[in-house]
Amino acid sequence: MHIDHLGIATDDASELAALYADLFDAPIAHEEEFDGLCVVFLEFGESYFELLEPMEKGTISRYLDNRGAGIHHVALETDDIEGALETARKHDVELIDEEPRLGAWGHDVAFLHPKSTGSVLIEFVEH
């Protein structure tokens, strides 16, 4: 596995994308509206920043209300998401997603509960 992306909650994905593009010379790799979010991926070599702006009430809007803008999750790329979930189960890690689901960019994703992962929300992503 390697770090696929860092998910960053923000009130304004376009503004933050413009800042990061200029500040870090990070090109925009992908943009979409997905699951009530405006999502922008900025490329950092083989990894990305995923900027998450809520367009309606939901998980990210609640996160922003409770914690403010910032890093929301760390995503690890795997070529076997089912196997990664099984390994997590064997280590008694609480799963948010028992089965993979469709995520941004059309990838299969599954989240691990931060109560079981040192207070870090971990996402498995399979391309």
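Reader: Which residue is the bridge partner of E31 in strand 3?

Author: The partner of E31 is V40. The model is a predicted one, in which local features need pLDDT of at least 70 and side-chain atom pairs count only at pLDDT 80 or more, while totals for chains, interfaces and linings use all residues. Residues are numbered from 1 along each chain as its sequence is written, and side-chain values use heavy atoms, with hydrogens and water left out.

Reader: What makes strand 2 and strand 3 a pair?

Author: Two strands pair if DSSP finds at least two bridges between them. Strand 2 (residues 28-34) is joined to strand 3 by 6 bridges, and the two run antiparallel; by the definition, they therefore pair. Strands here are DSSP runs of E with at least two residues, helices are runs of H or I with at least four, and both are numbered from the N terminus.

Reader: Which residue stands opposite V40 in strand 4?

Author: L51 in strand 4 stands opposite V40. Strand 3 and strand 4 (residues 47-54) are antiparallel and share 8 bridges.

Reader: What lies in the turns of the two hairpins?

Author: Strand 2 and strand 3 form a hairpin with 2 residues between them, and D35 in that turn has a positive phi of about 55 degrees. Strand 3 and strand 4 also form a hairpin with 2 residues between them, where G45 in the turn has a positive phi of about 65 degrees.

Reader: Why is strand 3 called mostly covered?

Author: Of the 8 residues in strand 3 (residues 37-44), 6 are buried. Buried means under 20% relative accessible area, exposed means over 50%, and partly exposed lies in between (1.4 Å probe, protein chains only). In the protein as a whole, buried residues make up 44% of the 127 residues.

Reader: Why is S119 called exposed?

Author: S119 has a relative accessible area of 65%, which is over 50%, so S119 counts as exposed. S119 is placed in the loop between strand 7 (108-112) and strand 8 (122-126).

Reader: What makes the contact of K57 and D65 a salt bridge?

Author: A salt bridge is a side-chain nitrogen of Lys or Arg within 4 Å of a carboxyl oxygen of Asp or Glu. For K57 and D65 the N to O distance is 3.8 Å, so the pair meets the rule. K57 is exposed at 69%, and D65 is exposed at 58%. By this rule the count comes to 5 salt bridges.

Reader: Why is the protein called as compact as a globular protein of its length?

Author: The protein has 3 helices and 8 strands, in the order β-α-β-β-β-α-β-α-β-β-β from the N terminus. Its radius of gyration is 14 Å, close to the 14 Å that the globule rule gives for 127 residues, so the protein is as compact as a globular protein of that length. The radius is taken over C-alpha atoms, and the rule is 2.2 Å times the number of residues to the power 0.38.
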